[in-house]
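Reader: I am new to reading protein models. Could you take me through this one, question by question?

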Amino acid sequence: MVIERIVDTSTHDDDAEEQRIEVSLRPRGGREKNNVKKPTKRYPIITVSSHIVYENPWIRVREDQTLRAGGATGIYGVVETKDSVAIGALNDDDELLLIYAYSYPTDTWSWFIPMGGGEGEEVLTAADRELREETGYAARYYEHIASPIVWFGILTERTAVVIARELHKVARPPADDIDMIQKSKFISFEKISEMVRNGEICDNQTLATIYLVEQHLRPTS
């Protein structure tokens with residue numbers, strides 16, 4: 001693995017540099033549990049009991065019995081998935097590397113940011129692996145800039161957004177989704193905006209990553 005420099009700027013505490021470098025992707029259902037016994041301002045809805053409705057190696061669906069302030073009870077369905085990483089890979093012209101890939105759930109082909117899941121893997125290591133597997137590129141510079149929540153109301157997953165620079169071609173390692181990726185291409189942000197408007201780019205994680213990378217590249221006043 002050729003990585004000359006890896007940094008993590010997803011937090012801004014200068015005293016936590018070593019901790020930021022060690023940020024890892026959480027395993028499935030990685031939300032920290034609390035021991036709150038009744039709803040509070042900090043925890044307006046709490047879990048009374050929980051059971052697993054469905055589980056496979058990639059997702060787990062649970063149903064929680066809940067209690068809200070005022071005594072209202074109910075149920076809440078939660079989908080637990082592993083944290084993921086999305087890579088904004090930039091060439092020397094600040095064009096973004098996108099892949100044309102197939103989505104099985106929606107039965108569609110469209111343009112995506114290179115991305116994938118992991119369990120307990122360090123964010124920047126996962127970014128390097130996913131970039132190699134999905135594009136045949138690697139980078140000498142990786143920067144973790146954010147970790148947005150994928151779906152606020154139902155998923156436990158966060159996606160670590162990583163910028164990759166100083167790209168070079170490498171042998172593409174074997175991967176189980178290689179037949180779902182048709183091609184990759186460097187595309188300008190101007191062209192990407194057009195592709196978003198006409199529906200060629202329609203994946204939420206891809207849209208969020210494009211926005212965060214573009215904002216990160218803008219000069220600060």
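Reader: Which elements cover the buried residues of helix H3?
Author: This is a predicted model, where local features need pLDDT of at least 70, side-chain atom pairs count only at pLDDT 80 or more, and totals for chains, interfaces and linings use all residues. Residues are numbered from 1 along each chain as its sequence is written, and side-chain values use heavy atoms, with hydrogens and water left out. Helices (H or I, at least four residues) and strands (E, at least two) are DSSP runs, numbered from the N terminus. The cover of H3's buried residues includes strand S6 (96–103), strand S7 (108–112), strand S11 (181–187) and helix H4 (204–217).

Reader: Which residues of H3 are buried, and why do they line one face of the helix?
Author: Buried means under 20% relative accessible area, exposed over 50%, and partly exposed in between (1.4 Å probe, protein chains only). In H3, residues 189–197, the buried ones are Phe189, Ile192 and Met195. They line one face because, seen down the axis of H3, they fall within an arc of 110°; the arc is that of the directions from the helix axis to the C-beta atoms.

Reader: Is Glu157 buried or exposed, and which side chains does it contact?
Author: Glu157 lies in the loop between strand S9 (137–146) and strand S10 (159–169). Its relative accessibility is 10%, so Glu157 counts as buried. A polar contact is a pair of N or O atoms within 3.5 Å; within protein, one must be able to donate a hydrogen and the other to accept it, and residues adjacent in sequence count only if both atoms are side-chain atoms. The side chain of Glu157 makes polar contacts with the side chains of Thr81 (2.8 Å) and Ser84 (2.6 Å).

Reader: How many aromatic pairs does the structure hold, and why is Tyr102 with Trp109 called tilted?
Author: Rings of Phe, Tyr and Trp (its six-membered ring) pair if their centres lie within 6.5 Å; planes under 30 degrees apart count as stacked, over 60 as edge-to-face and the rest as tilted. The structure holds four such pairs. The rings of Tyr102 and Trp109 have centres 5.5 Å apart and planes at 45°, so the pair is tilted.

Reader: How far apart in sequence are the parts that Tyr137 and Phe186 tie together?
Author: Their ring centres are 5.4 Å apart and their planes at 80°, so this pair is edge-to-face. Tyr137 lies in strand S9 and Phe186 in strand S11, so the tied parts are apart in sequence by 49 residues.

Reader: What is the average pLDDT of the protein?
Author: pLDDT is the predictor's confidence in each residue, from 0 to 100. At least 70 is scored by 85% of the residues. The average is 88.

Conventions:
Contact means heavy atoms within 4.5 Å.
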